[in-house]
Amino acid sequence: MTSLFEVVSTESSVDTPIRRITVTVNGKQHTLDVEPRLLLAHLIRQGLELTGTHTGCDTTSCGACTVLIDGVPVKSCTMLAVQADGHDVTTVEGLASASELDPIQEGFRDEHGLQCGFCTPGMMLTAKALLDENPNPTEDEVRWALSGNLCRCTGYQNIVKSVLLAAEGLRAKDDVEEDEAS
Amino acid sequence: MYPARFDYAAPQSIEEAVELLGRANGEAKVLAGGQSLVPMMKLRFASPEMLIDINNIPGLAYHSADPDGTYRIGALCRHVDLEKDENLASQQPTMAAAAPLIADPIVRTRGTLVGSLCHSDPQGDWASVMSALGGSIVAQGPNGRRSISCIDFVTGPFQNVLEFDELAVEAVVPAPVGTRAGGYLKLERRVGDFATVGVAVSIEFSGTQVTRAGIGLTGVGASTICAGEAATMLVGQDLNADNIDRVAVLAAEISQPRSDHRGSEAYKRHMVATFVTRILSKLLPTTQKVA
């Protein structure tokens with residue numbers, strides 16, 4: 001068990017409320033003591049040292065800090081860590097396995113879906129939630145789904161292409177798995 | 001950015017939440033979706049001593065019609081639940097038009113309709129929708145429940161009539177008199193921005209005759225504007241290009257926009273009239289559609 005008390009406060013005080021939470025991040029369960037005001041984004045970045053989740057605007061606009069809570073995209077700068085108690089969190093580190101990239105990551109690589117890369121983790125997780133629900137989205141549906149994620153390199157064109165390519169890749173992968181199963 | 005220090009409770013029932021609210025004696029805030037409250041706390045515009053997180057209370061994540069047509073939206077119904085409900089367009093066309101225009105897709109996965117109403121932001125979209133629909137909010141306190149009309153609910157920017165020991169448990173839209181029609185249009189500079197102008201229109205028809213009508217305006221006044229005066233002009237009539245025009249002009253007169261970085265006063269008034277006309281024209285019989 002790790003104490004995350006120091007993430008938001010260096011002085012200890014008996015008045016500081018602390019809550020014990022259990023949260024599963026990328027399949028690994030953590031039991032942690034947190035102050036209620038600790039934001040999920042900071043739990044992930046400072047507490048668990050998973051710095052792939054970026055904090056950009058810090059005001060619920062840019063979507064760089066997007067993670068999946070039970071598969072649903074959420075801006076982690078706008079959710080308290082205590083609210084993740086008992087839930088499954090997926091960050092960008094949870095996409096690739098040790099040996100291969102996720103089809104979404106392959107899509108972004110092949111279509112040059114990033115320039116500086118700051119918005120990319122949020123873009124990919126939002127895309128994952130979209131493709132899990134809708135494996136064959138139209139370009140409009142992709143643009144609509146990504147409209148809460150900002151890219152300041154003006155790279156939307158390639159990001160949309162990346163997601164469409166990822167969708168193709170995922171559908172092909174599913175077909176292969178179905179063939180192998182039958 | 002961190003919020004100021006606060007204590008946190010996650011009650012398992014409405015009764016427990018109400019009791020905690022009472023014990024906090026006005027120093028607590030209710031946390032539902034948190035998509036407005038948490039940013040305000042981070043910016044230190046709000047610093048409640050205690051947050052009462054209602055997300056663990058079972059049975060509040062619903063939206064459905066009673067057999068008589070009364071529509072209920074529970075305190076944990078997220079914007080996305082409404083957006084993805086394919087039946088909503090036929091049951092609640094004004095709500096169905098507004099749901100995909102709230103904030104952005106990720107905010108919609110957390111934010112709630114009831115929470116938006118309680119946040120009472122003068123630029124909130126749901127308040128004008130509910131005002132057009134003649135909706136109300138049900139609040140539960142230590143002595144039971146009471147219903148508050150959405151028009152009387154808000155007393156000023158970010159202020160409403162909820163007592164400190166009351167929890168808003170659901171929003172209610174009354175059953176339509178006849179068939180329900182309507183829409184919501186919003187002008188925004190980009191996804192996630194506040195409305196430059198938002199117009200909610202609700203019309204109920206018996207045959208071709210209007211039995212009830214409501215118009216709510218967002219972003220064109222110090223608070224949500226209920227343009228009921230404009231809407232009631234239509235009651236008892238069949239919709240036609242003339243009365244649509246008159247309603248649009250009157251709604252624009254009732255609006256109180258101010259010139260700012262989102263547009264001039266004249267432009268915003270013009271958009272109010274344009275949106276009223278667009279929504280109502282779609283409800284005309286196909287032979288007499290206007291621009």
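1. A salt bridge is a side-chain nitrogen of Lys or Arg within 4 Å of a carboxyl oxygen of Asp or Glu. Between domain 1 of chain B and domain 2 of chain B the count of such bridges is zero. The model is a predicted one, in which local features need pLDDT of at least 70, side-chain atom pairs count only at pLDDT 80 or more, and totals for chains, interfaces and linings use all residues. Residues are numbered from 1 along each chain as its sequence is written, chains are lettered from A and ligands numbered from 1 in the order in which they are written, and side-chain values use heavy atoms, with hydrogens and water left out.

2. Chain B is assigned domain 1 (7-53), domain 2 (63-173) and domain 3 (179-285); the bounds come from an automatic or database domain assignment. Taken over C-alpha atoms, the centres of domain 1 and domain 2 of chain B are separated by 18 Å. Contact (heavy atoms within 4.5 Å) joins 14 residues of domain 1 of chain B to 18 residues of domain 2 of chain B. These two domains of chain B bury about 1,200 Å² between them, with 73% of it on carbon and sulfur atoms; buried area is the accessible area (1.4 Å probe) that two parts lose on being put together, summed over both. On the domain 1 side, B:Ile14, B:Val18 and B:Gln35 lose the most area to domain 2 of chain B, together 37% of what that side buries.

3. Chain A is assigned domain 1 (2-94) and domain 2 (103-181). The C-alpha centres of these domains of chain A lie 25 Å apart. The area buried between domain 1 and domain 2 of chain A is about 1,100 Å², and carbon and sulfur atoms give 68% of it. A:His54, A:Leu68 and A:Val92 supply 39% of the area that domain 1 of chain A buries against domain 2 of chain A, more than any other three residues. Across this interface of chain A, too, the rule finds zero salt bridges.

4. Between the chains, 35 residues of chain A are in contact with 30 residues of chain B. Chain A and chain B bury about 2,700 Å² between them, 57% of it on carbon and sulfur atoms. Of the area that chain A buries against chain B, A:Arg37, A:Gln83 and A:Trp144 supply 22%, more than any other three residues. Five salt bridges are found across the interface of chain A and chain B. The side chains of B:Lys42 and A:Asp58 meet in a salt bridge, at 2.7 Å from N to O.

5. The structure holds two cavities of 30 Å³ or more. On a 1 Å grid over the protein atoms alone, a cavity is a set of points where a 1.4 Å probe fits but cannot get out, and lining residues have an atom within 4 Å of a point. A volume is the space filled by probe spheres set on the points, which are joined across faces, edges and corners. The largest cavity, of about 50 Å³, has B:Ser120, B:Asp121 and B:Thr224 among its lining residues. The second largest cavity has a volume of about 40 Å³, and its lining includes A:Cys57, A:Cys62, A:Cys65 and A:Cys77. A:Asp58, which pairs with B:Lys42 in the salt bridge, also lines the second largest cavity.

Notes: 1 Å grid on protein atoms, 1.4 Å probe; cavity = no way out; pocket = protein on both sides within 12 Å on 5 of 7 lines; lining within 4 Å.
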